[in-house]
Amino acid sequence: MSTFEFLWQGILVAMQPMNLVYALVGVTLGTAVGVLPGIGPALTVALLLPVTYKLDPGGSLIMFAGIYYGGMYGGSTTSILLNTPGESASIVTALEGNKMARAGRGGPALATAAIGSFVAGLIATLGLAFIAPYIVKLALVFGPREYFALMVLAFVTVSSAFGDSALRGLTSLFIGFALAMVGIDQQTGQARLSFGIPDLLDGVEVTTLAVAMFAIGETLYIAAQGNRIAEKVEAVKGSLWMTAEDWARSWKPWLRGTLIGFPIGAMPAGGAEIGTFLSYASEKRLAKNPEEFGHGAIEGVAGPEAANNASAAGTLVPLLTLGLPTTATAAIMLAGFQQYGLQPGPLLFATNPQLVWGLIASLLIANAMLLVLNLPMIGLWVRLLTIPKPWLYAGILLFATLGTIGANPSVFELGMLLTFGLLGYVMRLFGYPIAPVVVGLILGPLAEQQLRRALAISQGDVTTLVMSPIAAGLLIVAAAAFLIPLILRIRGRGQVLSQLAANED
């Protein structure tokens, strides 16, 4: 079957009434959490993992994807009106968007962000549909050596992509590895690190860890900050509609942002932040009036927002085809797949094509829903910013606790939720990224299994791990992904120190 036929079948699945409901719930929740500063799509999906445990897998995953897309949309509202990016990918939008809001042009800023997100999401989702089958064909030739090398690449890129320090990222990853060792060994059937506690024989639940690290840890961290910064919401003045000049200045940045954001999001070491910064820099370079940048240039909102949403579709390429998460939300979505006994990768396209193509097609529908939700209902989203923080985070704590008890009614599980929540709080306090812990817990056992298989086939010969051209290439890319940022960081520090020494002289 061709990609068009698969996509058409996916549209038929996505158009089923219950799946439309799941998509609508997802995009509405996603927009709401995107608007609220400090609550991102990763936290929301983590909260919903235990609640959706017994629901339909396809519908739940469609809802999670809708939350992801909606969160990317909603983050622009906070950036423009509050100058507080809800997500790190919305930082660039705040640069020009908030200046436009202060000048009384908040409406056009929000409109170009919403329409640009729609255009980028539509093109990028079609890109996902047409690129994914080719990556799947490549991945089907992978053996244990290639899969282990791919996992090493995933571990290195995740450690480098999240947080400011690769060392801290690796530390977080090894915490995840340590937790993945708990339970019964898949090969020998022996108990490992269970300390005689029966509840640990099944290992650490991914949902419990995800909810604790993202929801409980974030809530404790925000509560510890207090109300140190006074937040002022800029009112939306005038019409939301864009003028003919605004349209003329926005449509090219929308397309350029899409072309920049999608491939960067699809890279193993990509991420929305890089795409938005590159888009902003390119728009500033190509603008007819570059002096407007820093004072409310609409191109500085249109381009980065398109890049932001295109990268969201891009991150689903490695997640669905190879099982590699490149963002925190993708890591939690990977946990969602595993919750239903599904492993994203090339075999998923062969064994469960309805689910995969239904999910891809639902993103097209979610995009249209988001455009309808974001333009006419902007007043409602702005009101969400007035919810008192104590109420908001108390509700998150309650929901996280009830969800975990509902999925696994155990006092021990509740104790683990609190323990991991405190660990998440301490890690945030000292600047350690959270996502690598979850990735280590999910992918650690898979990497171990593939390594042991490869060594069993080669009768313990470690050198065969690099005999395969694909495996060797992946390991070289992994080494480069780790060393290049490290070298650049050392060079940057050296330049700073030499500059300081020159200033002293």
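In this predicted model, Arg249 forms a salt bridge with Glu245, and their closest N and O atoms are 3.7 Å apart. Both residues belong to helix α10, and because they are four residues apart there, about one helical turn separates them.

Arg256 pairs with Glu283, with the closest N and O atoms 2.9 Å apart. Glu283 lies in helix α11, residues 272-286, whereas Arg256 lies in α10, so this pair ties together parts that are 27 residues apart in sequence. Which of the two partners is buried? Arg256 is partly exposed, at a relative accessible area of 27%, while Glu283 has 2% relative accessibility and counts as buried.

How many salt bridges are there by the rule applied here? The count comes to five. One of them joins Glu448 to Arg192, with 2.8 Å between the closest N and O atoms. Arg192 sits in strand β2, residues 191-192, and Glu448 in helix α19, residues 435-457, so the pair ties together parts 256 residues apart in sequence. Arg192 is buried, with a relative accessible area of 19%; Glu448 is partly exposed, with 23%. Through shared partners, salt bridges join Arg192, Glu448 and Arg452 into one network.

Gly183 is placed in strand β1, residues 183-184, and is buried, with a relative accessible area of 2%. Its C-alpha atom is separated by 9.4 Å from that of Pro198, which is 15 residues away along the chain.

Phe4, Leu122, Ile123, Leu126, Phe130, Trp251 and Leu255 make a nonpolar surface patch of about 620 Å². Helices α6, residues 106-139, and α10, residues 244-266, each supply at least two residues of this patch. Which helix gives the most? That is α6, with four residues. Ile123, found in α6, counts as partly exposed at 38% relative accessibility.

Finally, α6 has a helical partner. Its axis and that of helix α15, residues 353-374, come within 9 Å and cross at roughly 175°. The two helices are therefore roughly antiparallel to each other. On the α6 side, the contact is made by residues including Leu122 and Leu126, both of which also belong to the nonpolar patch. Among the residues α15 contributes to the contact are Trp357, Leu364 and Asn374.

Key:
Residues are numbered from 1 along each chain as its sequence is written. This is a predicted model: local features need pLDDT of at least 70, side-chain atom pairs count only at pLDDT 80 or more; totals for chains, interfaces and linings use all residues. Side-chain values use heavy atoms; hydrogens and water are left out. Patches are made of residues with over 30% relative accessible area and no salt bridge: like charges are joined within 9 Å, nonpolar side chains (Val, Leu, Ile, Met, Phe, Trp, Tyr) within 5 Å. Accessible areas come from the Shrake-Rupley method with a 1.4 Å probe; for residues, only the protein chains shown count as cover. A salt bridge is a side-chain nitrogen of Lys or Arg within 4 Å of a carboxyl oxygen of Asp or Glu. Buried means under 20% relative accessible area, exposed over 50%, partly exposed in between (1.4 Å probe, protein chains only). Axes are lines fitted to C-alpha atoms, for helices over the stretch in contact, and angles run from 0 to 180 degrees between N-to-C directions. Angles under 35 degrees count as roughly parallel, over 145 as roughly antiparallel, 65 to 115 as roughly perpendicular and the rest as oblique. Contact means heavy atoms within 4.5 Å.
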